[in-house]
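Please brief me on the model below. Cover its cores, its ligand shell and its backbone geometry.

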Amino acid sequence: MKRAVCPGSFDPITYGHLDIITRASSHFEQVVVAVLENRTKSSLFSVAERIEMIRETTSNLPNVVVDSWSGLLVDYCKSNSIQAIVKGLRAVSDFDYELQMAQVNLQGSGVETMFMATAPAHSFLSSSLVKELAHYGGDVSTMVPASVNEALKLRVAGK
Ligand code: PNS
């Protein structure tokens with residue numbers, strides 16, 4: 001089976017992530033959305049909460065499954081027979097870091113990384129930006145699904 005992983009922090013999932021996951025799901029027999037730790041970021045939602053949000057917002061995609069992993073992405077790929085890592089590239093600013101990770105992952109394990117161009121409508125969108133806006137009461141309804149928007153409102157209100 002041709003399987004790919006869409007890895008990320010997904011704190012929380014945005015329409016930008018969903019665009020990449022949806023498009024990846026039409027190229028692979030199965031896409032695993034894997035919530036991984038990014039040691040450079042602190043999270044607003046627990047891993048369980050993020051998984052629940054991803055499950056709900058990808059429930060229309062029958063060949064997408066959701067999982068989590070605390071360890072190296074390439075070890076996850078090896079243990080789960082995943083041949084490709086799929087990532088979205090928003091802008092040149094993403095490129096340096098993403099290229100480094102792709103090369104390290106290729107060198108360490110032979111797992112390929114495939115980049116998809118983010119749809120122009122989402123080129124500025126990131127979970128960090130969404131959290132910043134939500135924190136100050138900004139409107140993020142065009143950036144995240146309604147259920148994620150509600151979860152954000154509750155979380156920034158301290159619930
Ligand atoms: O959504 P993010 O935070 O940009 O995703 C980054 C993530 C989680 C995919 C990356 O930090 C990662 O792969 N973490 C797992 C640990 C790992 O394999 N690190 C080595 C990368 S060179």
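Leaving aside its neighbours within four places in sequence, which residues is T14 in contact with? They are L125, S126, S127, V130, M143 and V144, where contact means heavy atoms within 4.5 Å. The model is predicted: local features need pLDDT of at least 70, side-chain atom pairs count only at pLDDT 80 or more, and totals for chains, interfaces and linings use all residues. Residues are numbered from 1 along each chain as its sequence is written, and side-chain values use heavy atoms, with hydrogens and water left out.

**Loop between β1 and α1**

- T14 sits in the loop between β1 and α1; helices (H or I, at least four residues) and strands (E, at least two) are DSSP runs, numbered from the N terminus.
- Buried means under 20% relative accessible area, exposed over 50%, and partly exposed in between (1.4 Å probe, protein chains only).
- The T14 side chain reaches the backbone nitrogen of G16 at 3.1 Å. A polar contact is a pair of N or O atoms within 3.5 Å; within protein, one must be able to donate a hydrogen and the other to accept it, and residues adjacent in sequence count only if both atoms are side-chain atoms.
- F10 lies in this loop too. At 4% relative accessibility, F10 is buried.
- P12 is also placed in the loop between β1 and α1.

**Backbone geometry**

- Most residues other than glycine have a negative phi, and most peptide bonds are trans.
- The D11 to P12 peptide bond is cis, with omega near 0°.
- F10 has a positive phi, near 50°.
- S81 has a positive phi near 50°, and its place is in the loop between α3 (73–79) and β4.

**Nonpolar cores**

- In soluble globular proteins, nonpolar side chains tend to be buried together.
- A nonpolar core is a set of buried Ala, Val, Leu, Ile, Met, Phe, Trp, Tyr and Cys residues joined through side-chain atoms within 4.5 Å.
- The largest nonpolar core has 30 residues. I13, I21, V86 and L152 have the most contacts inside it.
- At least two residues of this core come from each of β1 (3–8), α1 (15–25), β2 (30–36), α2 (47–57), β3 (64–69), β4 (84–89), α5 (127–135) and α6 (146–156).
- The largest share, four residues, comes from α1.
- Another core, of 10 residues, lies apart from it and includes V5, L73, C77 and I82.
- Not counting residues up to four places away in sequence, I21 touches C6, F10, I13, V33, T58, L61 and V64.

**Ligand shell**

- The ligand is surrounded by 13 residues, and the closest are S9, E37, N38, K41 and L73. A residue is near a molecule if one of its heavy atoms lies within 4 Å of it.
- A polar side-chain atom of S9 lies 2.4 Å from a ligand oxygen atom.
- For K41, a polar side-chain atom lies 2.8 Å from an oxygen atom of the ligand.
- L73 uses a backbone N or O atom, 2.8 Å from an oxygen atom of the ligand.
- On its own the ligand has 550 Å² of accessible area, and the protein covers 80% of it; areas come from the Shrake-Rupley method with a 1.4 Å probe.
- β1 and α4 (92–109) each supply at least two residues of the shell.
- By class, the shell has six nonpolar, four polar and three charged residues. Ala, Val, Leu, Ile, Met, Phe, Trp, Tyr, Cys and Pro count as nonpolar, Asp, Glu, Lys and Arg as charged, and the others, Gly among them, as polar.

**Helix α1**

- T22 is found in helix α1. At 37% relative accessibility, T22 counts as partly exposed.
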